[in-house]
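Student: I have just opened this entry and would like to learn how to read it. Could you walk me through it?

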Amino acid sequence: MLRITVEEHSGEGRVLVIEGDLVGDAVGTLAEEGGALAVNTPWLVLDLAGVRSVDAASMLLMRQWSDRLTLRQPSQYVLLLLRQYGLAGCVHAAEEESGTA
């Protein structure tokens, strides 16, 4: 099950707090929510702290958004997959350097 909470603007842009499994049909849900918000903001932030699992479709979606995407608080497992899909550059630099991601 996936839960998406939209936070108001931050210094980085609109923030989507993602919780649960970002797999299967949930990726379509994120695409709809994120796509609708992306129209009205130049930057999209995904807080991945509550994400337990991801699949290839979710990685490909994030790759499509990568030119205006920041990823926060991925677990070590998700961070490993982000690196494999070439998305490590989207991870907030402080988290990448500190190893707390």
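Student: Which residue's side chain is joined to that of Arg72 by a polar contact?

Tutor: Asp47: a polar contact of 3.3 Å joins the two side chains. A polar contact is a pair of N or O atoms within 3.5 Å; within protein, one must be able to donate a hydrogen and the other to accept it, and residues adjacent in sequence count only if both atoms are side-chain atoms. Please keep in mind that this is a predicted model, where local features need pLDDT of at least 70 and side-chain atom pairs count only at pLDDT 80 or more, while totals for chains, interfaces and linings use all residues. Residues are numbered from 1 along each chain as its sequence is written, and side-chain values use heavy atoms, with hydrogens and water left out.

Student: Where does Arg72 lie?

Tutor: Arg72 is in strand E4 (residues 69-72). Helices (H or I, at least four residues) and strands (E, at least two) are DSSP runs, numbered from the N terminus. The protein has four helices and four strands, in the order β-β-α-β-α-β-α-α from the N terminus.

Student: Is Arg72 buried or exposed?

Tutor: Buried means under 20% relative accessible area, exposed over 50%, partly exposed in between (1.4 Å probe, protein chains only). Arg72 has 16% relative accessibility, so Arg72 counts as buried. Thr70, also found in strand E4, counts as buried at 10%. The side chain of Thr70 makes a polar contact of 2.6 Å with the side chain of Trp43. Buried residues make up 42% of the 101 residues in the protein.

Student: Which residues are buried in H1?

Tutor: In H1, the buried residues are Ala26, Val27, Leu30, Gly34, Leu37 and Ala38. They lie on the same side of H1, because they cover an arc of only 95 degrees around the axis; the arc is that of the directions from the helix axis to the C-beta atoms. Asp25 and Glu32, on the other side of H1, are exposed.

Student: Which residues of H3 are buried?

Tutor: In H3 they are Val78, Leu79, Leu81 and Leu82. Their arc around the axis is only 160 degrees, which puts them on the same side of H3.

Student: At what angle do the axes of H1 and H2 cross?

Tutor: Two packed helices are described by the angle between their axes and the distance between the axes. Here, the axes of H1 and helix H2 (residues 56-64) cross at roughly 20 degrees and come within 9 Å. Axes are lines fitted to C-alpha atoms, for helices over the stretch in contact, and angles run from 0 to 180 degrees between N-to-C directions. H1 and H2 are therefore roughly parallel to each other (angles under 35 degrees count as roughly parallel).

Student: What is the phi of Gln73?

Tutor: Most residues other than glycine have a negative phi. Gln73, however, has a positive phi near 55 degrees. Gln73 is found in the loop between E4 and helix H3 (76-84), and Gln73 is partly exposed, with a relative accessible area of 37%. Just after H3, Gly86 takes a positive phi of about 75 degrees.

Terms used
Angles under 35 degrees count as roughly parallel, over 145 as roughly antiparallel, 65 to 115 as roughly perpendicular and the rest as oblique.
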